[in-house]
Amino acid sequence: MKRFLGILSLALVLALCMGSMAMAETNYVCPENAQTYPISADKITVDLWYPMAGSMAELSDFNDAEFFVMYEELTNMHINFIVPASGTEGDSFSLLFASDDMPDMAYCQPAGQKYRDGQDAAIDDGYFIDMADYLDFAPNYKVWLETYEAYRKACYSDTGKMYGMWGVWLPIGEIPMADQGIAIRKDFLDKVGKDVPVTYDDWYDVLCAFRDELGIEAPFYTSKYGIDRTGEFMAGYGVGPYFYQVDGTVKYGPMEDAYKDYLTMLHKWWEEGLLDKEFATRTSSGITADNDMMLNDKVGSLIDYGTRLADVYITRGATNPDWWEVGVAQPVLKEGDTPAYRDYSSGNDYMQTYCTVFDAEGEYIEECIRWTDGFYSKPIYLQANFGLDANEGKTWYAAEDDGHRIQDYDFRYKNPDGDSSALVLVKYWTKNPPVRVESAQIESSKPVQQEGYRLWSLYEPTMWISNRTTMTADENAEYSKLYTDIETYVQECNVKFIMGQMSLDDYDSYRETLRSMGIEKCIELRQAALDRYNAR
Amino acid sequence: MQSTGSAPNIVTSAERIRARRKKAIRRDLRLNWAVYVMAIPVVVYFFIFYYIPMGGIVMAFENFKIRKGILGSEWIWFQNFIDFFNSVYFWRLIRNTILISVYGLIYSFPFPIIFALCLNEVRSRKFKKVTQTISYMPYFISIVVVVSILNDFCKSGGILTQIAALFGDTKGALISRPEWFRSLYIGSNIWQHLGYNSIIYISALASVDQELYEAAYIDGAGRWRQTLHVTIPGILPTIVILLIMRLGQMMNVGYEKTILMYSPATYETADIISSYVYRVGIGDANYSYSTAVDLFNSIINFLILYVANRVSRSLSDISLW
């Protein structure tokens with residue numbers, strides 16, 4: 001047994017090294033900047049809706065950030081950042097339409113920040129320009145559309161409109177990696193003498209051990225909806241949290257038996273104290289956990305970002321010096337299964353979740369497009385991702401073999417000025433720029449983090465439905481009328497099933513209620529949208 | 001008319017009356033102009049902030065599109081109302097709204113009165129003032145803070161949860177259990193508003209004629225009898241008016257506290273009409289539907305107020321109009 005463990009750990013070390021060595025080089029698209037500067041002869045000021053309040057805690061104005069100071073000098077355009085309060089981004093975005101105060105451009109996440117009648121309607125109703133008509137102002141952006149066919153397909157709607165300038169996720173090599181996934185405390189695992197869990201049964205053992213031997217308050221931490229938003233943990237059951245597809249057929253998770261089985265398991269875990277007791281009243285609806293819980297060793301496992309693996313929480317104030325968090329692949333029912341659902345949003349189709357949209361009645365449409373287009377050229381996106389050119393040796397350094405840039409890990413996480421990693425991100429480079437270079441995040445990170453990224457991307461996400469399927473205005477009106485109520489109801493019932501306030505014996509009548517609320521019509525509409533997308 | 005000097009000889013009686021009325025109005029304006037000037041801001045305020053927005057009610061009968069505006073949107077009559085009546089949430093919202101306000105009324109209405117009566121019996125002026133001041137304090141705490149205190153007390157391991165456990169309730173965090181929601185909501189309301197709401201009763205008590213007490217004392221009434229037969233009848237009109245006004249607010253449970261306190265786990269008892277309107281209107285930008293729901297709410301409110309006023313007028317001659 002001992003020898004076996006020895007071999008296993010050797011294999012692990014090897015795998016880790018392989019993991020970091022196997023990183024193919026980034027294919028930098030659009031090497032030349034086709035824009036000419038300054039964009040405007042006279043200094044102009046434009047409004048940019050910029051939902052990055054999370055970064056504002058330490059930096060009160062993005063105009064103080066190094067990158068934006070440089071970019072303002074270059075373009076001769078001053079940006080007035082409009083930052084909605086954290087957590088109110090969606091509401092704030094819908095209010096833009098009701099007010100007469102549309103900013104010149106908005107850097108939005110269309111999945112959650114939307115016009116009620118859909119993206120096409122926002123163009124038809126005259127709020128935003130149809131970017132497809134303005135591509136001549138955006139030569140750099142055009143290069144991306146020509147380079148990645150999947151990306152081009154995703155950028156247009158069924159009717160050939162383009163909502164705005166979509167963000168790019170520039171992968172390392174051919175396949176983009178997931179940047180978030182299931183994470184577990186390795187130091188806890190070592191203490192209870194268990195391996196990283198693979199099947200759901202393994203998970204049960206491990207969580208019980210966390211509870212019994214270590215007295216962990218929340219062996220498994222879930223979001224306030226009981227299930228994780230991205231469906232990582234349920235993937236092994238062969239379902240997705242909401243809509244997903246099986247070979248082109250749209251399905252809705254809660255209508256499937258496997259989903260019920262998953263809830264049955266969670267209910268059992270809840271009864272036995274393996275879940276966070278407070279999950280239903282947590283404020284977080286997505287990834288990562290309550291800070292106090294994390295720092296005080298109350299959480300055994302959770303869905304987390306790759307940048308927080310290893311001992312990163314110690315720099316955030318965790319007191320346990322042994323702190324060690326590792327990434328885990330999605331659990332499976334029995335060994336050898338391949339879970340196929342993964343909705344990590346960023347990365348699929350080379351597209352990231354952000355999109356820059358432009359006010360159709362704006363005074364400076366051309367200038368704004370050209371300002372944004374700059375971000376799509378290598379000279380600018382490198383600086384947006386790694387820090388200014390002049391910061392070589394400070395925020396980034398050149399790789400020995402081919403000179404490509406690598407973020408300086410220590411500068412970010414053990415900053416000489418004592419700045420927090422979140423502040424460094426916005427002070428020296430920019431958060432989620434329009435072109436995100438994947439290697440900026442992954443290459444500089446620790447081997448254990450890289451291994452996390454690899455594990456989370458282990459299975460091909462064949463059940464995922466592109467965010468970029470679109471509906472017509474009429475379909476969209478009908479869909480949102482029905483589905484808004486359904487989703488709230490599902491989220492509420494998930495919690496009740498898990499906490500036992502609703503009995504799983506009543507699952508059939510629950511499904512009947514969903515039918516009466518119109519879920520079948522919603523599936524039909526999603527199906528039609530998916531068919532059109534596949535036919536594009 | 002005479003003052004103009006050129007009045008016709010025959011004036012019909014109707015004209016004469018009109019002329020006289022005109023004169024009276026002019027006279028009134030001349031005498032009381034200052035009062036009218038003072039009233040202008042109030043009238044303007046009500047007109048701008050209460051009457052003009054009422055035009056927005058039209059949205060409830062339309063499929064409102066922001067771009068088309070109120071005048072241009074498609075007219076769909078009662079479809080929004082029909083959708084609401086058929087919604088799975090309809091009965092639950094009605095039930096929760098009514099229950100939370102009925103319980104709120106039953107439990108929280110008497111407390112300020114009792115508190116005022118107790119204070120009235122206190123002899124020491126100093127003690128009275130200190131108690132009163134302390135009881136006002138919670139009123140000035142932001143509701144956000146009150147709810148976070150509540151959250152802290154009611155999470156698993158929180159003090160209220162532990163107290164409940166002492167009495168045999170060991171099912172965990174009170175804040176995430178639907179059966180506790182109303183008690184926590186109303187209980188914290190009572191704590192927060194007790195002192196402030198009692199002010200009006202305390203001032204009503206001060207205006208009760210002292211001679212009545214003396215007369216009652218001479219007739220041999222003790223303190224309890226005096227309270228029963230002098231104090232309470234003395235402040236009864238105030239109580240009834242406040243009760244009627246409170247009834248008019250019956251369905252108007254504010255959404256602020258609810259959306260701060262609830263979670264999917266407690267929607268069952270916590271979700272009320274106004275929080276639903278907030279979610280649908282602001283969250284989903286479904287303006288016409290949420291206007292329809294809110295209009296429905298206001299109509300019910302008005303009906304309750306009307307009935308309460310009628311009942312009160314026929315029973316006790318005390319009424320709002």
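Where α5 meets α11 in chain B, the residues B:Ile113, B:Leu117, B:Asn120 and B:Glu121 of α5(B) touch B:Arg223, B:Thr227, B:Thr231 and B:Ile239 of α11(B). Contact here is a matter of C-beta atoms, placed from the backbone, lying within 7 Å. By class, this contact has three nonpolar, three polar and two charged residues. Ala, Val, Leu, Ile, Met, Phe, Trp, Tyr, Cys and Pro count as nonpolar, Asp, Glu, Lys and Arg as charged, and the others, Gly among them, as polar.

A word on the ground rules: this is a predicted model, in which local features need pLDDT of at least 70 and side-chain atom pairs count only at pLDDT 80 or more, while totals for chains, interfaces and linings use all residues. Residues are numbered from 1 along each chain as its sequence is written, and chains are lettered from A and ligands numbered from 1 in the order in which they are written.

Back to the helix pair: α5(B), residues 110–121, and α11(B), residues 223–248, pack at about 130° with their axes 12 Å apart. That makes α5(B) oblique to α11(B), the word for angles that are not under 35 degrees (roughly parallel), over 145 (roughly antiparallel) or 65 to 115 (roughly perpendicular). Axes are lines fitted to C-alpha atoms, for helices over the stretch in contact, and angles run from 0 to 180 degrees between N-to-C directions.

Now for chain A, which has 20 helices and 14 strands. These are DSSP runs, with helices (H or I) of at least four residues and strands (E) of at least two, numbered from the N terminus.

One open sheet has four strands in the order β6-β9-β5-β10 (chain A), with mixed pairing. Two strands pair if DSSP finds at least two bridges between them. Its edge strands, β6(A) and β10(A), each pair on one side only. Neighbouring strands are turned by 40° against each other on average, direction ignored. Strands β5(A) and β10(A) pair in the antiparallel sense over four bridges, and A:Arg185 stands opposite A:Glu325 in β10(A). Helix α17(A) packs on this sheet, touching β5(A) and β10(A), and its direction makes about 20° with that of β10(A).

Some elements of chain A, with their residue ranges:

| Element | Residues |
|---|---|
| β5(A) | residues 180–185 |
| β6(A) | residues 218–220 |
| β10(A) | residues 325–328 |
| α17(A) | residues 447–456 |

What about the meeting of the chains? The contact takes 25 residues from chain A and 21 residues from chain B. On the chain A side, the largest share, eight residues, comes from α18(A).

Technical notes. Contact = placed C-beta atoms within 7 Å.
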